[in-house]
Amino acid sequence: MTVIQRQTLAAGLVILLAGARLMAAQADLITSNPDPTNFTDGLNIGTIIGADRFYAAGFNGSSAIVANVEAGFVWNGHESLTHLNTFITGTGALGQFDRHATWVGMVINGRPTATGGENQRGIAYGATMWSGAIATVWIGTPFTRSFDFSVNSFADAYTAATISVTGAPVADVINSSWSDGSDPEDARYGDYSRAVDAIALVSAKTMCFSAGNRGPGSNSMGAPASGFNVIAVGSLGSDVSSPLYGSVSSFSSRGPQPIFIPNIQAADYFHAGDGTVIANARAAVDICAPGENIVSAFYGGTTGGNAGGTNTPGNNLYSNVAGTSFATPIVSSGATLMADAARQTYGNATKALDGRVMKANLLNSATKISGWNNGQAAGTDGVIRTTQALDYAAGAGALDLNRGFDQLLAGTHDVAGTGGGSIDRIGWDYGIVSDASPNDYRFTSPLPAGSTLTVTLDWFIDRSINLSTNSTLEVSFDNLNLQVWSTSGGGLGSLIAESVTQYNEVEHLNLTIPQTQSYLLRVLFAGEVWDLTNDANVTTYGLAWSATLVPEPSSAMLGMFVVGAMRRRRKCCAEGG
C-alpha cells in the first residue's frame, strides 16, 4: 500500500468563534461581516450573488436534493441544521460529525430557528440535504482537516448519492469541499479525478469541488477539482473590497494546469511510456464565488476533525471562516436553486438538470471580474480567437444568480432535437454532435452592433467505471470547438470568433458584436485528444448563450477505483477553515 500525505496549507484563512449563541434577527442569508469579532453586522451574500431573484419567484430548492460529501457528517444537532436526517456512510467510513462539514452544511441548507435570525439561513435553504462521509481515519489531533479513506468508503458515498440501481431518488447536485494536492491530473494517475469524472458521466449529475487553497501560484489545483466533468470552484474576496467580492482570493488555487495524455487503457500510470505530460495545458478553474468572511455553524464536539480536542461550551456557536471550501457550497447552492426552478418550470425530465447543461448555464451567466482574461484576441485574419477559453484563476467569472435566472428561464430552452436550430437571444440547449457535421444555432433576429455575446459550451470526458468492481479506465476525450459566424442569405458569411482549446472540456467566448446583422453559433467535432477504445465520434454537450445590449455590472479517494497497482487509501484534507 502506498499512502501519500497531502498538503493542509490554507493560506490567509481566518477562523473565529462567536463567544455566545447568535440571536440577532437580521436579513442575512449567509452572514459576511467586515468586523470579524462582531457577527451581527454582516452583509447579505444571498443578495450579493443574486439568489434573491430565485426566492422572489418562489424557488428556494424545495424540489431538489443536494448532497454534501466529504470527510465527515454535517452535525444536525446545530440549531440551524436539525432538519437534516439523511446520512450516507461508506463501508468502513467512521461516519462522525465533523466541524468542517458542519460549516459547509449551513452555507448550503441552514434554516433559521424561531428565536434565531436570518443569519442561520443557507443559500438553498428549502432543499433536501443529504450528508455523506468518506473518512476512515483522522490524521493529526486536535482540530485537523486531514483524513484518510478507502475504496469502499469513497465508492459507497459518491455512487449512493448519484447513481440509483433501485429507482430510489438521487441527488441533483453534489458538493465536496475537499481537495487532494498530491493527486493532480497530470501526475500519471489522477485517480480521484478519473473516478469522479466517471461517476459524473454515468449519472449526468452536477458535481462541484473546491479548487483548493494552494494559490496564488499556477498548477496549484488538486483532485478531484482538477478533473474534467466537475465544476471546479475558486474563491473571491472580500466583504470590504470595492466592488464586493470583486477579485480572486490570494489563497485560491488556479491554473494553468498540466494534463496527462495516456496512450494505453491502464487503471494506473506508473510506468514510463504510459503517456505524456503536457505543461500549462488547461484552464481548470470553472467559476468563483465569495469565499472570505463567511459566518457559519460551528461544531465543537470531539469527533471528526476535532478528534482529540475538547468540547466547546455551548451547542450553537458560529465561526467566521474562509477558503474555497465555502465558495464551493455557494456555487452548489446556486446549482440547487437552478435545479429547483428547472424542475418546477420544465418538469422532472428537463435536460436543464443534466450536469453539462447546468455547468453551461452557470458559467455563461457568471459576471466578468476586473482583470478577467481568457487570452481572447483578434488574429491577423480578423477572427477573435481563444485557445484558453477560461481565466486561469477565475474561470468564467463570479457566480451571478440574477443573470443565471434569466439564463435558465428566459428565451430558448432545449432546442427541439439534438442538432441545433433557431434560437432567441438568450437560452440553453442539450445537444449531440458527431464528426459527420457541425450543429448550427441561428438567432431568429439580428444582433445589434455593440451588444455583448457570451457563449459557453461544455461536455464530458469519457472515463468508465465498473460499479461491481469500482475500477475505472480511460476511454476517450473528444475535442469540440465553438464558433460564431455571420450569416448572409441563409448561408454562412464570415467567421467572427472561435474558442478552440485543445485540452479543455469547456469552450467560452465573450465578445462585442461588431455590426448589426444575422449570426449563428456553431458547435463542431474537432477530433480527439485520445481514444483508447475506438469508440464512436459522437459527443453530448451543454450549450448556453446570451446577447445583451450593454455589458451588465456584477450585482479522495480514488486510488480505490482502480485495479492493478492500486493505492487503497489516501490521506486528504478539507479545503478552508
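Me: What counts as a helix or a strand here, and how many of each does the protein chain have?
Reply: Helices are DSSP runs of H or I with at least four residues, strands are DSSP runs of E with at least two, and both are numbered from the N terminus. On that basis the protein chain has eight helices and 32 strands. The model is predicted: local features need pLDDT of at least 70, side-chain atom pairs count only at pLDDT 80 or more, and totals for chains, interfaces and linings use all residues. Residues are numbered from 1 along each chain as its sequence is written, and side-chain values use heavy atoms, with hydrogens and water left out.

Me: Why is Pro-329 called buried?
Reply: Buried means under 20% relative accessible area, exposed over 50%, and partly exposed in between (1.4 Å probe, protein chains only). Pro-329 has 0% relative accessibility, so Pro-329 counts as buried. Its place is in helix α6, residues 324-346.

Me: Which residues is Pro-329 in contact with, leaving aside its neighbours within four places in sequence?
Reply: Contact means heavy atoms within 4.5 Å. The residues are Val-104, Val-107, Ile-108, Asn-175 and Ser-177.

Me: What makes Cys-208 buried?
Reply: Its relative accessible area is 0%, so Cys-208 is buried. Cys-288 is also buried, because its relative accessible area is 0%.

Me: How many disulfides does the structure hold?
Reply: A disulfide is a pair of cysteine sulfur atoms within 2.5 Å. The structure holds zero.

Me: What share of the protein chain is buried?
Reply: Buried residues make up 63% of its 577 residues.
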